[in-house]
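Subject: Structure for you to look at

Dear colleague,

I am passing on the structure below, and I would be grateful if you could read the notes under it with the model open beside you.

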Amino acid sequence: ERGLSNVETTNPTGSQNGIAVFSRTPMRRTRPCPAPSGSLVRWLDIDLPDHGFGIAILHTTAAGSSKSHPTNVAKVRFWDAMLQTAESRLQEPFLFVGDWNTGARRQDETGKTFVCAEHFGTLATIGWIGTWRHHNPGATEYTWFSKLKGGVRGNGFRLVYAFATPSLMPRIRFCRYSHVDREAGIP
């Protein structure tokens with residue numbers, strides 16, 4: 001009813017988290033999902049042929065309690081696949097977006113708690129450009145806040161990102177976060 005007649009989804013089952021993309025323009029899935037087998041519903045690759053670029057929408061897991069925790073082991077495998085894919089797509093117009101549950105230590109969080117922060121840093125090292133930081137140098141913004149006892153707001157973390165290839169960056173005029181839905185309590 002809002003004109004978003006094109007839909008792609010990872011088709012999660014049961015209580016799995018998945019990804020859905022709605023678009024006014026046609027999109028297609030032309031590549032096999034490069035995510036590890038246990039994380040296929042957390043990665044959706046689409047191409048927008050009318051616009052000449054592709055997007056990977058990613059949702060990585062939150063951190064576990066120790067380095068050997070199964071969640072952290074899965075997260076490292078996911079990031080390894082992401083970095084391998086990022087290297088192979090660096091020369092095409094492409095965008096990685098999503099909730100990555102990690103970031104740059106002491107920039108996207110106040111401390112050093114992120115799991116896979118070194119993987120996150122590798123994206124820039126190999127040539128990908130963080131669109132928000134590019135358009136908002138020196139700024140701090142958080143996309144999630146921990147909760148202290150009694151529902152009091154705790155530490156802020158930036159967990160949601162968009163990284164573009166150099167060939168796509170000239171087409172990106174700005175990048176911002178909208179907090180309206182979250183602040184209104186809309187899931």
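What follows is a short account of what was found in it.

This is a predicted model, in which local features need pLDDT of at least 70 and side-chain atom pairs count only at pLDDT 80 or more, while totals for chains, interfaces and linings use all residues. Residues are numbered from 1 along each chain as its sequence is written, and side-chain values use heavy atoms, with hydrogens and water left out.

Helix H1 (residues 70-89) packs with helix H2 (residues 117-126) at an angle of about 5°, their axes being 10 Å apart; helices here are DSSP runs of H or I with at least four residues, and strands are runs of E with at least two, while axes are lines fitted to C-alpha atoms over the stretch in contact, with angles from 0 to 180 degrees between N-to-C directions. H1 is therefore roughly parallel to H2, a term used for angles under 35 degrees. In the contact (heavy atoms within 4.5 Å), Val 76, Trp 79, Asp 80, Met 82, Leu 83, Ala 86 and Glu 87 of H1 meet His 119, Phe 120, Thr 122, Leu 123 and Ile 126 of H2.

Six salt bridges are found in the whole structure, each being a side-chain nitrogen of Lys or Arg within 4 Å of a carboxyl oxygen of Asp or Glu. In one of them Arg 29 is paired with Glu 8 (3.9 Å, N to O); Arg 29 lies in the loop between S2 and strand S3 (43-48) and Glu 8 in strand S1 (residues 6-9), so the pair ties together parts 21 residues apart in sequence.

Finally, Tyr 142 sits in the loop between helix H3 (131-135) and strand S7 (144-147).

Conventions. Parallel < 35°, antiparallel > 145°, perpendicular 65-115°, else oblique.
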